[in-house]
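Here's a quick walk through this fold, from the overall layout down to the helix contacts. Have the model open and follow along.

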Amino acid sequence: MLNILSILIGLVALPIALVGFVPLLGALNWLAIPIAIVGAAIGFLSRQHSGRNFNIFVIIVGCVRLWLGFGIL
């Protein structure tokens, strides 16, 4: 059950991170990353690893975008 909750949280964070790829909207990743961290924390409590791994992927996507845009662009 926690794995499904983790995946659902990741599905909320992923569109926010993808919208953050639009130029001048990169600051949305500052919102997506904490949401995905919460999802990953819930995924760590689960026996299955798919929810945790999905949220880690979203965190990496958001961090790479912030790195490319110098944290604000």
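The protein chain has 3 helices and 0 strands, and reading along the sequence gives the pattern α-α-α. Keep in mind that this is a predicted model.

What about overall dimensions? Along the principal axes, the C-alpha atoms fill a box of roughly 40 × 15 × 15 Å. The radius of gyration of the protein chain is 12 Å, which agrees with the value near 11 Å that a compact globule of 73 residues would have. Of those 73 residues, 41% are buried. As for contacts with a separation of 6 or more, 68% of them come from residues 24 or more positions apart.

Now for the helix packing. Helix α3 (residues 50–68) packs with helix α1 (residues 2–19), and α3 also has a crossing with helix α2 (residues 29–44). Here are the two pairs side by side:

| Pair | Angle | Axis distance |
|---|---|---|
| α1 and α3 | about 15° | 8 Å |
| α2 and α3 | roughly 160° | within 8 Å |

Let's take α1 with α3. How do these two helices run relative to each other, parallel or antiparallel? An angle under 35 degrees counts as roughly parallel, and the angle here is about 15°, so α1 and α3 are roughly parallel to each other. The crossing in which α1 passes α3 is left-handed. On the α1 side, the residues involved are N3, S6, I7, I9, G10, L11, A13, L14 and A17, and they meet S50, G51, R52, F54, N55 and V58 in α3. By type, the residues of this contact of α1 with α3 split into 8 nonpolar, 6 polar and 1 charged.

Next up is α2 with α3. Their axes cross at roughly 160°, and that makes α2 roughly antiparallel to α3, given that anything over 145 degrees counts that way. What is the handedness of the crossing of α2 and α3? It's left-handed. From α2, the contact takes in N29, W30, I33, A36, I37, G39, A40, G43 and F44, while α3 brings R52, N55, V58, I59, G62, C63, R65 and L66. The residues in this contact of α2 with α3 come out as 10 nonpolar, 5 polar and 2 charged.

One last thing to look for on α3: R52, N55 and V58 are among the residues that meet α1, and R52, N55 and V58 are also among those that meet α2.

Note on methods. Residues are numbered from 1 along each chain as its sequence is written. This is a predicted model: local features need pLDDT of at least 70, side-chain atom pairs count only at pLDDT 80 or more; totals for chains, interfaces and linings use all residues. Side-chain values use heavy atoms; hydrogens and water are left out. Axes are lines fitted to C-alpha atoms, for helices over the stretch in contact, and angles run from 0 to 180 degrees between N-to-C directions. Helices (H or I, at least four residues) and strands (E, at least two) are DSSP runs, numbered from the N terminus. Angles under 35 degrees count as roughly parallel, over 145 as roughly antiparallel, 65 to 115 as roughly perpendicular and the rest as oblique. A crossing is left-handed if the near helix is turned anticlockwise from the far one by less than a right angle, and right-handed if clockwise. Contact means heavy atoms within 4.5 Å. Ala, Val, Leu, Ile, Met, Phe, Trp, Tyr, Cys and Pro count as nonpolar, Asp, Glu, Lys and Arg as charged, and the others, Gly among them, as polar. The radius of gyration is taken over C-alpha atoms; the globule rule is 2.2 Å times the number of residues to the power 0.38. Buried means under 20% relative accessible area, exposed over 50%, partly exposed in between (1.4 Å probe, protein chains only).
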